[in-house]
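Please open the structure in your viewer and keep the selection tool at hand. The stops below say what to select and what is there.

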Amino acid sequence: MAIWVPDLSNRDGPKYLRIVEAMAEDIATGRLPAGTRLPPHRELAYQLGISPNTTSRAYAEAVKRALLKGEVGRGTFVRAINADPAQAEPETLRRTDSGPIDLSRNLPMPGFSEPHIRRVMSDIASDAGLRSLLDYQTDTDLAHHREAGQMWLATCGVDADLECVVPVVGGQHGILSILMALLQPGDLLLAEALTYTPVLAMAARLDLQTGAVAMDAEGVVPESFEAWCREANPKAFYLTPTLQAPTTITLSEARRLRIAEIADRYGIVLIEDDVFGPLKRDKSAPIAQAAPDTTIYVTSLSKTVAPGLRVGFLKAPGKFAPALHQSVNLSVWMTPPMTLEVASRLIKDGRAAKLTEHQQRTAMHRQQIVQRVLGADAIPDVSEGFHVWMPLPEGWRADVFSAECARLGVRVSEGRSFAMNVGDAPEAIRICVSHEPNEDRLKRGLAMISSVLQQKPSGTSLVI
């Protein structure tokens, strides 16, 4: 492999930081995959025509920012983009009461649904219809499940004809099904500048182009969306208007209507991800209500009822429904009837709504804990979801801040993890409040973050 040489053109600041910035971009874009061995700092200095002290300082800074790791006798290697600097354990969604405190996972509180699901499963086990749930099903067989989806969509503020309801295996599968059904290789998919990163992985797998729609303090900027529509011929726009991940922003009614109008005028498909919508008590109507002919609405029970059920629903314009059903059939043949039956019974008897209210109360309680521990200066507004977006004080870099948190034993997500263009990543972190079921662990993790906030950003003293 050819020696890696960073592109330092069009960059400002000290040379060692320009090297680090170029390195971060090349890691984020895949030019420097995890595990790549970098050239010795003296060799890189020779290639760049600069002092070895400068490249040594750049490598040291990159190690501190958790971009690189040094191995005695072997060299310096690229870390995985979201690797924990402590390398304590493999990535996992498992919740534990020991080890690092994980405030990086945006999951709901566990345990609320267990007694309700236990009761529903007991009823199903004694029901004469159990046998049919264990066999292959057709859309006709599952009509009563789509009726439950219609009811759930209504609680989200979306009117849907029965033939427009498409059951899916959670919201993520729903998004993938949409992209598979409606976009072709080479098509342009837009997303918010800070977005749900699995969508970008899906786009890469499907060989789609992607474009970042600008955001401001009020969320996605309609003028930026319109500029893309006017100049680049996008096929679809994926966005999260309510409790946006990672920023927690909820779009105003005016912006929703403006985006709906632009999409309708240019014939752009809107993919409205509203999995957090049920957590928000006071919000504007979904975009799908204003633009029913151009918007595919995505909802799920994973964030409010039980993540393990893996049940979600799409509301599609009638013209797209057949293609979406075919896409679901292609990917999983059918949404599992057993889990759909559990979800349907929870929806129809009102328990899904009660579980959602429980999650709302718990999320608000934990959001208030975050504000008390970190202070109103750091967290001026209390959100209603499972995550907090914290812009960092001047002088802090998000990668250095998250690495310092990891050193203390608490995991957070840095802004660049969500940025479509790494160069536009804000110096901010996302803190998730509900992955840790033990409230004391949450408070301890927040106290560690608070202690880092009290520090002054430090320079690097590490030498490779």
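How many bridges join strand E10 to E11? Select strand E10 (residues 236–239) and then E11: four bridges join the two, which run parallel, where strands (E, at least two residues) and helices (H or I, at least four residues) are DSSP runs numbered from the N terminus, and two strands pair if DSSP finds at least two bridges between them. This is a predicted model, in which local features need pLDDT of at least 70 and side-chain atom pairs count only at pLDDT 80 or more, while totals for chains, interfaces and linings use all residues. Residues are numbered from 1 along each chain as its sequence is written, and side-chain values use heavy atoms, with hydrogens and water left out.

Stay with this pair of strands and pick Ala236, which stands opposite Val269 in E11. From E10 the chain crosses through helix H10 (residues 253–266) to E11 in a right-handed β-α-β crossover, meaning that, with the strands pointing away from the viewer, the path from the first strand over the helix to the second runs clockwise.

Select Lys315 next, in strand E13 (residues 312–315). Lys315 is buried yet has no salt bridge, which would need a side-chain nitrogen of Lys or Arg within 4 Å of a carboxyl oxygen of Asp or Glu; the nearest side chain of opposite charge, Asp293, is 6.7 Å away. Leaving aside residues up to four places away in sequence, Lys315 touches several others, among them Leu153, Asp159, Cys164 and Ile296, contact being heavy atoms within 4.5 Å.

Move on to His173 in helix H7 (residues 170–182), a residue that is buried, with a relative accessible area of 10%. The side chains of His173 and Ser331 are joined by a polar contact of 2.8 Å, a term for a pair of N or O atoms within 3.5 Å, one able to donate a hydrogen and the other to accept it.

Finish at the loop between E10 and H10, the place of Pro246, where a cis peptide bond joins Ala245 and Pro246, with omega about 15°.

Conventions. Buried < 20%, exposed > 50% of the residue type's maximum accessible area, 1.4 Å probe, protein only. Lys, Arg positive; Asp, Glu negative; His and termini not counted.
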